[in-house]
Amino acid sequence: MEDCIFCKIINGHIPSSKIYEDEQVIAFLDISQTTPGHTLLVPKKHVRNILDMDQETAAETFSRLPKLARAVHKATDALAINIINNNEALAGQSVFHAHIHIVPRYSEDDGISISYTTHEPDFEKLGLLADKIKKEVI
Ligand code: 5GP
Ligand code: ZN
């Protein structure tokens with residue numbers, strides 16, 4: 001897709017620090033290096049994000065994730081790895097070609113903070129919400 005930075009990287013029109021490539025995916029170091037070794041796994045097919053992704057592209061992309069995460073983990077001597085994926089701007093997506101972040105973690109104060117607000121469970125509400133979501137799974 002024209003004007004897509006990741007399509008340009010896939011086509012070789014702009015350079016990247018590539019760590020892996022096959023017919024379906026490419027993986028390269030994120031330019032921002034949130035932590036050293038921060039890598040992006042990207043399907044070669046231009047899809048906007050997970051909300052737009054067909055099952056085949058998802059299978060091709062996610063099946064590569066364990067071996068690439070293991071490689072990053074091993075090469076960096078990281079203590080842990082976060083797998084992060086942002087869908088739409090509110091969730092932090094800034095490049096609208098689907099990608100998965102592989103982020104090595106070195107310490108609790110390495111600049112990454114992931115927290116979830118916890119609420120008292122209302123099991124009736126949870127049940128209703130689960131039913132609503134269940135109906136949308138096709
Ligand atoms: P998002 O915010 O969409 O989840 O992540 C997009 C990521 O792409 C950001 O972490 C950003 O640093 C990275 N990025 C943006 N432009 C480039 C680029 O030209 N080359 C590389 N290697 N990474 C990029
Ligand atoms: Zn693209």
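## Surroundings of ligand 1 in a predicted model

An oxygen atom of ligand 1 lies 2.8 Å from a polar backbone atom of Gly 92.

The table sets the contacts side by side.

| Residue | Atom of the residue | Atom of ligand 1 | Distance |
|---|---|---|---|
| Gly 92 | polar backbone atom | oxygen | 2.8 Å |

On its own, ligand 1 has 520 Å² of accessible area, and the protein covers 83% of it. The space that ligand 1 takes is the largest pocket. Two elements, helix H1 (5-10) and strand E2 (25-29), each contribute two or more residues to the shell around the ligand. Helix H1 contributes the most, with 3 residues.

There are 16 residues around ligand 1, and those that come nearest are Asp 30, Asn 86, Gly 92, Ser 94 and His 101. By residue type, the shell consists of 8 nonpolar, 7 polar and 1 charged residue.

A search of the whole structure for aromatic pairs finds 1. The pair is formed by Phe 6 and Phe 28, with 5.5 Å from centre to centre and 75 degrees between the planes. The arrangement is edge-to-face, because planes over 60 degrees apart are counted in that class. Phe 6 belongs to helix H1 and Phe 28 to strand E2; the two residues are 22 residues apart, and the pair thus links distant parts of the chain. Helix H1 and strand E2 are also the elements named above for the shell around ligand 1.

Notes:
Residues numbered from 1 in each chain as written. Chains lettered and ligands numbered in written order. Predicted model: local features only at pLDDT ≥ 70, side-chain atom pairs only at ≥ 80, totals over all residues. Heavy atoms only, no water. Near = heavy atom within 4 Å. Polar contact = N/O pair within 3.5 Å; in protein donor to acceptor, adjacent residues only side chain to side chain. Areas by Shrake-Rupley, 256 points an atom, 1.4 Å probe, with all protein chains shown as cover. 1 Å grid on protein atoms, 1.4 Å probe; cavity = no way out; pocket = protein on both sides within 12 Å on 5 of 7 lines; lining within 4 Å. Sits in = over half its atoms within 2 Å of the grid points. Helix = DSSP H or I, 4+ residues; strand = E, 2+ residues; numbered from the N terminus. Nonpolar A, V, L, I, M, F, W, Y, C, P; charged D, E, K, R; others polar. Phe/Tyr/Trp six-rings, centres within 6.5 Å; stacked < 30°, edge-to-face > 60°.
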